[in-house]
Amino acid sequence: MAEKEVLLTPEGLKKLEDELEQLKSVKRREVADRIKLAISYGDISENSEYEDAKNEQAFVEGRIMTLEKMLRNARIINEDEVDTDVVSIGSTVTLKDIEFDEDIQYTIVGSAEANPAQNKISNESPVGRALLGKSVGSLVEVSVPAGVLQFKILDIKR
């Protein structure tokens with residue numbers, strides 16, 4: 001089975017590379033030290049510190065594998081590739097929420113970088129998917145569990 005392409009901005013790529021480096025160089029060592037310390041307490045069959053450290057080790061190693069796979073399959077979206085005529089990955093879009101009559105701004109990113117708290121939404125999310133390919137002035141309807149959201153695209157920029 002082909003591995004899924006991971007779309008990243010240069011900023012997103014740097015974040016993932018930094019996280020991977022931190023996990024490999026610092027966190028791995030910290031967890032190994034915790035395991036050694038827990039073993040020094042004696043019988044590991046009833047040692048909760050050992051169990052916790054082993055669980056953390058499994059989590060860290062799993063995250064390292066995930067990050068390495070993501071970076072191996074990364075495609076970088078450079079700012080100069082972003083089309084400002086239509087919404088695409090890397091676009092920053094200003095929308096008018098028709099129901100609440102307020103403006104919102106989203107940056108469309110790949111799913112690995114999505115962070116709704118920072119107004120970075122995935123191209124695979126319902127809103128992100130509905131916006132892709134639309135131009136300024138378009139009215140966009142998005143079906144969500146709570147009903148239908150309506151937006152008007154006011155501006156598209158890099």
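## The span of residues 7-76

The end C-alpha atoms of residues 7-76 lie 6 Å apart, and this span is 80% helix and 7% strand, where helices (H or I, at least four residues) and strands (E, at least two) are DSSP runs numbered from the N terminus. An unreviewed UniProt entry annotates residues 7-76 as "domain: Transcription elongation factor GreA/GreB N-terminal"; UniProt positions are given in the numbering used here, feature names are shortened, and annotations may be inferred rather than shown by experiment.

## About the model

This is a predicted model, in which local features need pLDDT of at least 70 and side-chain atom pairs count only at pLDDT 80 or more, while totals for chains, interfaces and linings use all residues. Residues are numbered from 1 along each chain as its sequence is written, and side-chain values use heavy atoms, with hydrogens and water left out.

## The span of residues 84-157

For residues 84-157, the unreviewed UniProt entry lists "domain: Transcription elongation factor GreA/GreB C-terminal".

## The chain as a whole

The chain has 3 helices and 7 strands, and, when it is read along the sequence, they follow the pattern β-α-α-β-β-β-β-α-β-β. Its radius of gyration is 21 Å, whereas a compact globule of 158 residues would have one near 15 Å; the radius is taken over C-alpha atoms, and the globule rule is 2.2 Å times the number of residues to the power 0.38. Along the principal axes, the C-alpha atoms fill a box of roughly 70 × 35 × 30 Å.

Of the 158 residues, 33% count as buried, a word that here means under 20% relative accessible area, with exposed meaning over 50% and partly exposed in between (1.4 Å probe, protein chains only). Among contacts (heavy atoms within 4.5 Å) between residues at least 6 apart in sequence, 51% join residues at least 24 apart.

## A closer look at glutamate 102

Glutamate 102 is placed in strand S4, which covers residues 102-109. Is glutamate 102 buried, exposed or partly exposed? Glutamate 102 counts as partly exposed because its relative accessible area is 45%.

When neighbours within four places in sequence are left aside, glutamate 102 is in contact with Leu95, Lys96 and Asp97. By contrast, 32 Å separates the C-alpha atoms of glutamate 102 and leucine 13, two residues that are 89 residues apart along the chain.
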